[in-house]
Amino acid sequence: MQQPSSFPPPQEPPSHPPTGTGTGAPEGPQRSHIKLWGVVAAVVSAIAGVASAVAAFTGGPSGPDRAPSAQVTVTVAPPPAGGSAQQVPPAGASATNAAAEGVRWSGPIVLGLEGIDLTQSPPRKGSPPFTRPAAARSGSNGMMVKGTVALWTGNGAPTAQGCKDLLLTQSRDEADVAAGDVVCLAEGSSPVAALKVTATHYDRGGYGELDGELTVWSLRLNR
């Protein structure tokens, strides 16, 4: 007679696996949602990284919060016509070359027989014995300049060196002048000067007078 076994009879496995939260649990709707949010988070993080890189490359944030860069406008003054700047002619020096270097003094004068001292700045009227250069009557209605003088006949306004060369080669003791004439002047070792006669006055003063525009340079006749 067969003895009953001490082991319980085997049981058939269940037709459906048990549900649970362990590692062996099957994927359900909840786990699918978790994976989807993980993908979204990864995409957002990647976009943020690209935006940070672009901002770092361009030097700062973009958009309305970015302060506009300052604009600097540089204005360059055009050079004067003809190149370098030229010296502005002093008042009353229309008979002189204003670009000549070493202008010592320039202005209107009245020249009479007492003469002027070109070594002074501004030139001063002389006193007896009379100073040269000076002005005096010539003939019945003319005027002359006395001293070391030479009429300027060159093209354009006289220059310091031009007057000096003229005085060293063609000077005389007196020269008849009329309104509009230009005469180079000097006396001894005085500075070289140029006088443009603007008016003659035969009957003014004791021996007549000249109105003129005088320019005195630093260049001296005998140096």
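Predicted model: local features only at pLDDT ≥ 70, side-chain atom pairs only at ≥ 80, totals over all residues.

Reply: Helices (H or I, at least four residues) and strands (E, at least two) are DSSP runs, numbered from the N terminus. Thr215, for instance, lies in strand β9. Residues are numbered from 1 along each chain as its sequence is written, and side-chain values use heavy atoms, leaving out hydrogens and water.

Me: OK, how many helices and strands are in the protein?

Reply: Two helices and nine strands. Starting at the N terminus, the order is α-β-β-β-β-β-α-β-β-β-β.

Me: And where in the protein is confidence lowest?

Reply: In helix α1 (residues 29-58), with a mean pLDDT of 53, while strand β8 (residues 191-201) is highest at 98. pLDDT is the predictor's confidence in each residue, from 0 to 100. For the protein, the mean is 73, and 55% of residues reach 70 or more. Residues 60-100 have a pLDDT below 50, and that stretch has 40 contacts in the model beyond near neighbours in sequence. A contact means heavy atoms within 4.5 Å.

Me: Back to Thr215. Buried or exposed?

Reply: Thr215 is buried, with a relative accessible area of 1%. Buried means under 20% relative accessible area, exposed over 50%, and partly exposed in between (1.4 Å probe, protein chains only). The side chain of Thr215 also makes a polar contact with the side chain of Ser106, at 3.1 Å. That term is for a pair of N or O atoms within 3.5 Å; within protein, one must be able to donate a hydrogen and the other to accept it, and residues adjacent in sequence count only if both atoms are side-chain atoms.

Me: What about the largest nonpolar core, which residues have the most contacts inside it?

Reply: Leu111, Leu118, Val145, Leu185, Leu195, Leu210 and Leu214, in a core of 18 residues. β1 (103-111), β5, β6 (172-177), β7, β8 and β9 each give two or more residues to this core. Apart from it lies another core of eleven residues, including Leu167 and Cys184. A nonpolar core is a set of buried Ala, Val, Leu, Ile, Met, Phe, Trp, Tyr and Cys residues joined through side-chain atoms within 4.5 Å.

Me: Which elements do the buried residues of α2 pack against?

Reply: β5 (142-151), β7 (182-186), β8 and β9 (209-220). In α2 (residues 160-170), the buried ones are Ala160, Gly162, Cys163, Lys164, Leu166 and Leu167.

Me: New topic: in what sense do β4 and β5 pair?

Reply: Antiparallel, over five bridges. Two strands pair if DSSP finds at least two bridges between them. Ala135 has Val145 in β5 as its bridge partner. The two strands form a hairpin with three residues between them, and Gly139 in the turn has a positive phi of about 65°. β4 is mostly covered, with four of its five residues buried.
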